[in-house]
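This report looks at a few local features of one protein model. The sequence and structure are shown first.

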Amino acid sequence: MYAFVDQKLREGEVVILDGGTGSEIQRRGVPMDGEVWCSVANRTHPDKVRETHVAYIDAGADVITANTFASSPLLFNALKRDAEVAELDALALRIAREAVDS
């Protein structure tokens, strides 16, 4: 994938990134966690997270960002939820890859 983006940039083309993943997941009806917002959606609503990525791909995004914006180790540490970060990030990466591969 990096070669694809690199080639577009070398040719002076525009590279389109996906949008606000967490906001779009929320717009699709997924309840947000009061402490860690959209990060738990990777566990509770992986279908909606995947659907969000696919929608961005269908809209022409060249780059998809995994749903990891809200899974800051600093935040999870402050909340004593450290054990969840690696799991939620791994799920986020798997879901994004599945969307790209579909």
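This is a predicted model: local features need pLDDT of at least 70, side-chain atom pairs count only at pLDDT 80 or more; totals for chains, interfaces and linings use all residues.

## Helix H4

Helix H4 takes in residues 46–58. Its 13 residues should span 18 Å at 1.5 Å a residue, and the end C-alpha atoms are 18 Å apart, so the two values agree.

An α-helix has 3.6 residues a turn, so residues three or four places apart point the same way. Just after H4, Gly60 has a positive phi of about 110°.

## Val100 in helix H6

Val100 belongs to helix H6, residues 82–101. Its relative accessibility is 38%, so Val100 counts as partly exposed. Beyond its neighbours within four places in sequence, Val100 is in contact with Ile57 and Ile64. Between Val100 and Lys48 there are 14 Å in space, C-alpha to C-alpha, and the two are 52 residues apart in sequence.

## Ser71 in the loop

Ser71 is located in the loop between H4 and helix H5 (73–78). Ser71 counts as buried because its relative accessibility is 4%, under the 20% cut-off.

The Ser71 side chain reaches the backbone oxygen of Thr68 at 2.9 Å, and a polar contact of 2.4 Å joins it to the side chain of Asp89. Not counting residues up to four places away in sequence, Ser71 touches Ser39, Phe76, Val85 and Asp89.

Key. Residues are numbered from 1 along each chain as its sequence is written. Side-chain values use heavy atoms; hydrogens and water are left out. Helices (H or I, at least four residues) and strands (E, at least two) are DSSP runs, numbered from the N terminus. Buried means under 20% relative accessible area, exposed over 50%, partly exposed in between (1.4 Å probe, protein chains only). Contact means heavy atoms within 4.5 Å. The expected span of a helix is 1.5 Å times one less than its number of residues. A polar contact is a pair of N or O atoms within 3.5 Å; within protein, one must be able to donate a hydrogen and the other to accept it, and residues adjacent in sequence count only if both atoms are side-chain atoms.
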